[in-house]
Every structure is written in structure tokens, then in C-alpha cells.
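Please have the sequence and the coordinates open while reading.

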Amino acid sequence: MAPVAFYGTCVDTPKFGEIRGLEERTLLVVLDGVITSLHRGVAADEHRRRLEEDGTDVRLLEDSEVLLPGFIDTHIHFPQFPFTGAGIDKPLMGQEGFLTSYAFPTEESMAELGTARAVYGMAMETLLSHGTTTALIFASIHSESSKALVDLALQKQGPRAMVGKVCVDSDLAEKYNCMIQSHMSESIDEVEFSARLFGFSDAEVFSKFGLLRGKPGPAAAVMAHCVQMQKAEDSGASIAHCPLSNFFFAHGALPVKRLVREGIKVGLGTDVAGGYSPSMLSAMRAAVLASKSLQFRYVSGSSLADTWRESTEEAKDAHDLNHFEALYLATLGGASALGLAEHLGSFEEQKRFDAVLLRRSCEGRPPVWPTTESKEDLLLKIITLGDDRNVKEVFVDGRSVYRC
Ligand SMILES: [Zn+2]
């Protein structure tokens, strides 16, 4: 394949709290899915001229466009797509709850292979149209339809998919050295259910069965939510932070900024259908709101209320997550949580080229935003106001897999 270059505003977050590429042009050269060279500022201009003289295909991004690393969703349930948007007014547990009334019956319908294929195909398309290029996906308990989901991911060649068949009664992970994903300390009623069933918190149960693994790589454990986790239960496993569904089911919010500062790997998840939006832009917005809610909101019965011993100023700083920090969680933070930071999550030479090209507005939609604004404002507006209509093109492993 011939190399392709991208020249324009290419923004990423090389570490939590840092954002780069807003003030200067960047030139990325992509060959066989890999970023083979990367230049910024004046060097980008010079290399662009040389490449154009050599006849290399240089794609010039428009002023109203921003290229970001593809979004990484660290927690999503594909079998739950059909009831997205419903059931969030119920409690998580109990006979009338979200799981019993909505999740379990809908997941059971995935036993029928045709239904599963149709739902999973639609879910894949949805993710790509929202700029998600990698996802850690829950399938259902059914082996054949879970395999069909893997086949579909291979066929579509995007998004990158790590698929987990649901195993509710086996402890097979150590035998096969599998990556583990589950939910942990999600809500007060869920932690109480675990205590009734096992006599321990769910975090202690996972630990006793060897299902909490901190080491990076494919055999790591990624636990969703962890909102009600006690400090003593810090496991070393990665956390999939799902702020939108936490608002409905968790009776609290994850102190995400503090956890990241403590060195815990945290990615962002949509948690469809506990979260009603498959959009990682929506997840970023929810992460900011959830973090800020901790500045002024303590929930009776939550573990957080007992463990906080901070002054007001300390609490404000610890929970003042901003939208660019949320972008880190949606990209490099997610890659780190999944053990893939060596390959994905930011624009670096030798990393794979997974990217989403976002635009200010699209055809048929009034250009409501002014054009004389800084790139920082442009990106902030897209994160705070944008949706799938702002996604112009999506790339996985250097291939264009979605264009609108
Ligand atoms: Zn979930």
C-alpha cells in the first residue's frame, strides 16, 4: 500500500491532564495501518511540502475539522442494544429491576442466531458512526451467538473488538489465561446482594476466585463501575468508568480524577444499555458532570461519605475533571485500561492509526457555530455539543471504515 499523510489539527492527550496539537499543525504519515512518521509545527509544514513534491497523497484537513485518536469504549453490552433508553427508571436488582425486567429477557433472545446477528451488526455500525474504534464488548451467555459476534467483528474489520461470552458459573479465566471483564461494586443493592449470597462484598469474591488481575496485557481484568468499592478493596485491576449509567444505578459517582492520580488505570465506558447513549462524546460529558457532582453531593449510605476526609478545596481539586481529561479517559486512558497503550490511544510513531475525524457541522445542518474561534474552543464545543453528525470519517488500522 502507498503511504497516506494527514495534515491539519490532530489532537491527542499524551498523559492525563495534557493535551497537544491545538496550537499547531501536525503531519501524520500512515503506512500499512502504522503511523510511520509524525511532525509538528514548522517541521510539519516542511515535510508536507516534501511529500507533495514526491507525489505522496497528503490529505489536508479543513480548518473546521479536528482529528482525534479513535474512541475506546471499555464497557458495552451488545445484547442490550434493543432496549436502549428504557428501564433506567428501575432499580438495578430485584424482581421489577433493570436486570430482571429488561436485561435478562432481551439477552435471552440472543439464543436465536438470526436475532443476535441482526442486533450485533446494528451495534457495530452504531459504534463506528460515533467514532468508536475499539470496544470491550459483553456478548450473552450463548456460545454460538457470541462466536457470531466475533465473526462479525472480523468481517467488518472495525471497530477492534474484545468480546466476552458471559460466564456466570465457571472460573475458567486462569485455565485459559483470558482477559476478564465484569461489573464490580456498582451499586448499594448489588453489593448487598453479593453479601447475602457469599457473605462478602463482590470485590472480595472476585479476589478470592483470582479474577482481579492488575498486570497489563491481554490477561488483565477490567472491572466496570467500582463506585461503591472500599479503599481497602483496591485491586490493581483496571476500571471501566461508566458515568451515565452510574447516575441511574450506582447511588454515587466514581472519584475518577483521584483514582487516575493514584495510578489506577481508568477507561471510559458507555455501558449500553445501563447507559442510554452509545456515544463516547456523551460519556465524556457525563464523566465531567459525575466528577463535578462529587464536589457538592454526598450520598447517604455510600462508602464515599465515610472515606472522605478532605477539606473543601482538596475535594474541589480532586473532583474537578474537565472535558479534555475526559478525552484522555476516552482514548489513551481506555487503551491503558485494556493493556493496549503501546499500540493505541494517541498519535505516536509506530502506533496503529485508529482515528476519528470530527467536524464543526455537516451538510443539511445549519452552521450554528462561528468560524472565528480557537481550536481549543472548537474541540470543546464538539465534545460538549457534538454527536454522530459531527463524525465525518473513522479510521481503524489505517483503513477508512466509516464516512458520512
Ligand atoms: Zn455493564
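In sequence, the donor residues of the zinc ion follow the spacing H-x1-H-x105-H-x87-D. The model is predicted, so local features need pLDDT of at least 70 and side-chain atom pairs count only at pLDDT 80 or more, while totals for chains, interfaces and linings use all residues. Residues are numbered from 1 along each chain as its sequence is written, and side-chain values use heavy atoms, with hydrogens and water left out.

**Zinc site**

- The protein donors are His-75 (NE2), His-77 (NE2), His-183 (NE2) and Asp-271 (OD), which lie 2.1 to 2.5 Å from the zinc ion.
- Donors are N, O and S atoms within 2.8 Å of the metal (3.2 Å for Na, K and Ca); water is not among the atoms, so sites may look incomplete.
- The arrangement is irregular because the four donor atoms subtend angles of 90 to 173° around the zinc ion.
- Four donors count as tetrahedral if all angles lie between 85 and 135 degrees; four count as square planar and six as octahedral if opposite donors are over 155 degrees apart and all others between 65 and 115; anything else is irregular.
- For reference, ideal angles at a metal are 109.5 degrees for four tetrahedral donors, and 90 or 180 degrees for six octahedral ones.
- Both His-77 and Asp-271 are buried, where buried means under 20% relative accessible area, exposed over 50%, and partly exposed in between (1.4 Å probe, protein chains only).

**Whole chain**

- The protein chain has 14 helices and 15 strands; helices (H or I, at least four residues) and strands (E, at least two) are DSSP runs, numbered from the N terminus.
- Of its 404 residues, 55% count as buried.
- The accessible surface of the protein chain comes to about 17300 Å², and 52% of that belongs to carbon and sulfur atoms. Accessible areas come from the Shrake-Rupley method with a 1.4 Å probe, and for residues only the protein chains shown count as cover.
- Among contacts between residues at least 6 apart in sequence, 72% join residues at least 24 apart; contact means heavy atoms within 4.5 Å.

**Salt bridges**

- The count comes to 18 salt bridges, each being a side-chain nitrogen of Lys or Arg within 4 Å of a carboxyl oxygen of Asp or Glu.
- Arg-25 and Asp-63 meet through their side chains in a salt bridge of 2.8 Å, N to O. This pair links distant parts of the chain, 38 residues apart: Arg-25 is in the loop between β1 (4-8) and β2 (26-31), and Asp-63 is in the loop between β4 (57-60) and β5 (65-69).
- Arg-25 counts as partly exposed, at 27% relative accessibility.
- Arg-352 forms a salt bridge with Asp-397, with the closest N and O atoms 2.7 Å apart. Arg-352 lies in the loop between α13 (323-337) and β13 (355-359) and Asp-397 in the loop between β14 (391-396) and β15 (399-403), so the pair ties together parts 45 residues apart in sequence.
- Salt bridges with shared partners join Arg-160, Arg-352, Asp-354 and Asp-397 into one network.
- Arg-352 has 27% relative accessibility and counts as partly exposed.
- Lys-15 and Glu-18 form a salt bridge in which the closest N and O atoms are 3.8 Å apart. Lys-15 is partly exposed at 47% relative accessibility, and Glu-18 is partly exposed at 38%.

**Cysteines**

- The disulfide count is zero, taking a disulfide as a pair of cysteine sulfur atoms within 2.5 Å.
- Cys-10 is buried, with a relative accessible area of 1%, whereas Cys-404 is exposed, with 51%.

**Individual residues**

- His-130 is in the loop between α3 (113-129) and β7 (132-138) and counts as buried at 12% relative accessibility.
- Leaving out residues up to four places away in sequence, His-130 touches Phe-71, Pro-278, Ser-279, Asp-388 and Val-391.
- Glu-18 is in the loop between β1 and β2. With residues up to four places away in sequence not counted, Glu-18 touches Asp-12 and Thr-13.
- The C-alpha atoms of Glu-18 and Phe-324 are separated by 8.0 Å, although 306 residues apart along the chain.
- Gly-17 is in the loop between β1 and β2 and counts as exposed at 55% relative accessibility.
- The C-alpha atoms of Gly-17 and Lys-257, 240 residues apart along the chain, are separated by 9.9 Å.
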